[in-house]
Amino acid sequence: MVEIKRAYEAPSRDDGYRVLIDRLWPRGIKKTDLKIDEWIKILAPSAELRRAFGHDPKRWAMFQARYKSELRSSEAKEKIRALVERAKNGKVTLIYSAKDVEHNNAVVLKRMISRKLRTPAKTSKGKRS
């Protein structure tokens, strides 16, 4: 199971494995207060993409497409695979700091991981198992 939560919301035992997916540390939060298990900067949108998006809902489609493209790097794919495996065995909560709860990188990444959890893995010959 995969959930998303703002960094400014109080941590909960129900969060499971907490992963910060922002490139920058959330403003005003002490490292000891966030209570994360992992900080995966490679899964954050690039600074260029963040600036181009500017959290403008009119640019949401552009942001999603470019962000998904950025997540195609081998390092990002490996981190996503690891989160998918972890989510198969317990809850994973993606932590983000954006104010907009509907238009942010955590929403896109949650959908991507959730889709992989529902899709059977391909065998080496490309057939679904």
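# Helix packing and a few loop residues

Q: Which residues in α4 and α5 meet?
A: From α4, I80, L83, V84, A87 and K88. Their partners in α5 are L109, M112, I113, K116 and L117. Contact here means heavy atoms within 4.5 Å.

Q: How does the contact of α4 with α5 split by class?
A: Eight residues are nonpolar, none is polar and two are charged. Nonpolar covers Ala, Val, Leu, Ile, Met, Phe, Trp, Tyr, Cys and Pro; charged covers Asp, Glu, Lys and Arg; the others, Gly among them, are polar.

Q: Where do these numbers come from?
A: This is a predicted model, where local features need pLDDT of at least 70, side-chain atom pairs count only at pLDDT 80 or more, and totals for chains, interfaces and linings use all residues. Residues are numbered from 1 along each chain as its sequence is written, and side-chain values use heavy atoms, with hydrogens and water left out.

Q: Back to α4 and α5. At what angle do they pack?
A: About 65 degrees, with the axes 10 Å apart. Helix α4 spans residues 74-89 and helix α5 spans 105-118. The axes are lines fitted to C-alpha atoms, for helices over the stretch in contact, and angles run from 0 to 180 degrees between N-to-C directions. Helices (H or I, at least four residues) and strands (E, at least two) are DSSP runs, numbered from the N terminus.

Q: What about N104? Where does it lie?
A: In the loop between β4 (92-96) and α5.

Q: Buried or exposed, N104?
A: Buried, at 0% relative accessibility. Buried means under 20% relative accessible area, exposed over 50%, and partly exposed in between (1.4 Å probe, protein chains only).

Q: What does the side chain of N104 reach?
A: The backbone oxygen of D100, at 2.8 Å. A polar atom of the N104 side chain also lies 3.5 Å from the backbone oxygen of V101. Leaving aside neighbours within four places in sequence, N104 is in contact with W60, F63, Y96 and A98.

Q: New topic, K5. Where is its place?
A: In strand β1. K5 is buried, with a relative accessible area of 10%.

Q: Which backbone oxygen does the side chain of K5 reach?
A: The one of A10, at 2.7 Å. Beyond four places in sequence, K5 has several contacts, among them P11, D15, R18 and Y96.

Q: So where is A10?
A: In the loop between β1 (2-6) and β2 (17-20). A10 counts as exposed, at 56% relative accessibility. Setting aside neighbours within four places in sequence, A10 is in contact with K5 and D15.

Q: How far apart in space are A10 and R72?
A: 32 Å, C-alpha to C-alpha. In sequence, A10 and R72 are 62 residues apart.

Q: P11 next. Where is it found?
A: In the loop between β1 and β2. P11 is partly exposed, with a relative accessible area of 34%.

Q: How far apart are P11 and K35?
A: 24 residues in sequence, and 6.8 Å in space, C-alpha to C-alpha. Outside four places in sequence, P11 is in contact with K5, R18, D33, L34 and K35.

Q: What is the phi of K35?
A: Positive, about 55 degrees, although K35 is not a glycine. K35 sits in the loop between α1 (31-34) and β3 (38-39). K35 counts as exposed, at 52% relative accessibility.

Q: And what is the phi of H55?
A: H55 has a positive phi of about 55 degrees, and H55 is not a glycine either. Its place is in the loop between α2 (47-53) and α3. H55 is partly exposed, with a relative accessible area of 40%.

Conventions
A polar contact is a pair of N or O atoms within 3.5 Å; within protein, one must be able to donate a hydrogen and the other to accept it, and residues adjacent in sequence count only if both atoms are side-chain atoms.
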